[in-house]
Amino acid sequence: MEYTAIMARQLREVYLNGTWIATNLKAQLADVTFEQATKKIGDLNTIAALAFHINYYVAGVGQALKGGKLEIRDKFSFDLPPLSSEEDWENLKNQMWEDGENFANAVEQLQEEQLSNAFFDEKYGSYYRNIVGIIEHTYYHLGQIALLKKLVTHND
């Protein structure tokens with residue numbers, strides 16, 4: 001199996017449908033309500049803010065992989081647009097699932113030899129480093145979301 005296929009599968013597992021760690025992002029967020037997603041606990045990020053943050057990179061890098069430009073910037077990665085309803089929260093989640101699948105598809109379309117190439121600029125490292133980094137980043141914040149979910153549902 002090619003590395004691009006492996007990485008695409010890993011992205012789908014953490015984002016959409018895997019159980020390698022007994023859960024995935026979609027499963028964790030499935031029953032989170034708008035109120036729970038936006039509930040602030042101390043100075044911690046909200047579930048909604050973390051979900052947006054994860055997807056900011058998935059969507060941005062996914063778009064770049066499809067032939068676009070790398071236009072995302074770290075300083076904007078927590079700029080969650082205001083959510084004011086359950087519908088807004090559901091729309092964010094649906095956008096995430098679409099962006100996750102689009103990202104995985106874009107990774108599958110890469111040529112194996114591209115993985116060692118510079119990712120738009122030498123300072124960003126290789127394609128491989130960035131794709132694996134997004135998978136790892138998603139797992140990292142998925143853990144935070146799981147803990148926050150326990151906190152906000154325990155207090156309901």
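What volume does the largest pocket have? In this predicted model, the figure comes out at about 340 Å³. The lining of that pocket runs to 13 residues, and those closest to the centre are Tyr57, Val61, Ile72, Asp74 and Asn130. Sorted by class, the lining splits into seven nonpolar, three polar and three charged residues. As for where the lining comes from, helix 4 (47–65) and helix 6 (127–154) each put in at least two residues. Helix 6 has the largest share, with five.

Next up is the packing of helix 1 (residues 3–17) against helix 5 (residues 86–109). On the helix 1 side, the contact is made by Thr4, Met7, Ala8, Leu11, Arg12, Tyr15 and Leu16. Helix 5 answers with Met96, Trp97, Gly100, Glu101, Phe103, Ala104, Asn105, Val107 and Glu108.

Side chains of opposite charge can pair when their charged atoms come close. Searching the whole structure turns up five salt bridges. One of them links Arg9 to Glu13, with 3.4 Å between the closest N and O atoms. Both residues belong to helix 1, and because they are four residues apart there, about one helical turn separates Arg9 from Glu13.

Technical notes. Residues numbered from 1 in each chain as written. Predicted model: local features only at pLDDT ≥ 70, side-chain atom pairs only at ≥ 80, totals over all residues. Heavy atoms only, no water. 1 Å grid on protein atoms, 1.4 Å probe; cavity = no way out; pocket = protein on both sides within 12 Å on 5 of 7 lines; lining within 4 Å. Points joined across faces, edges and corners; volume = space filled by probe spheres on them. Nonpolar A, V, L, I, M, F, W, Y, C, P; charged D, E, K, R; others polar. Contact = heavy atoms within 4.5 Å. Salt bridge = Lys/Arg side-chain N within 4 Å of Asp/Glu carboxyl O.
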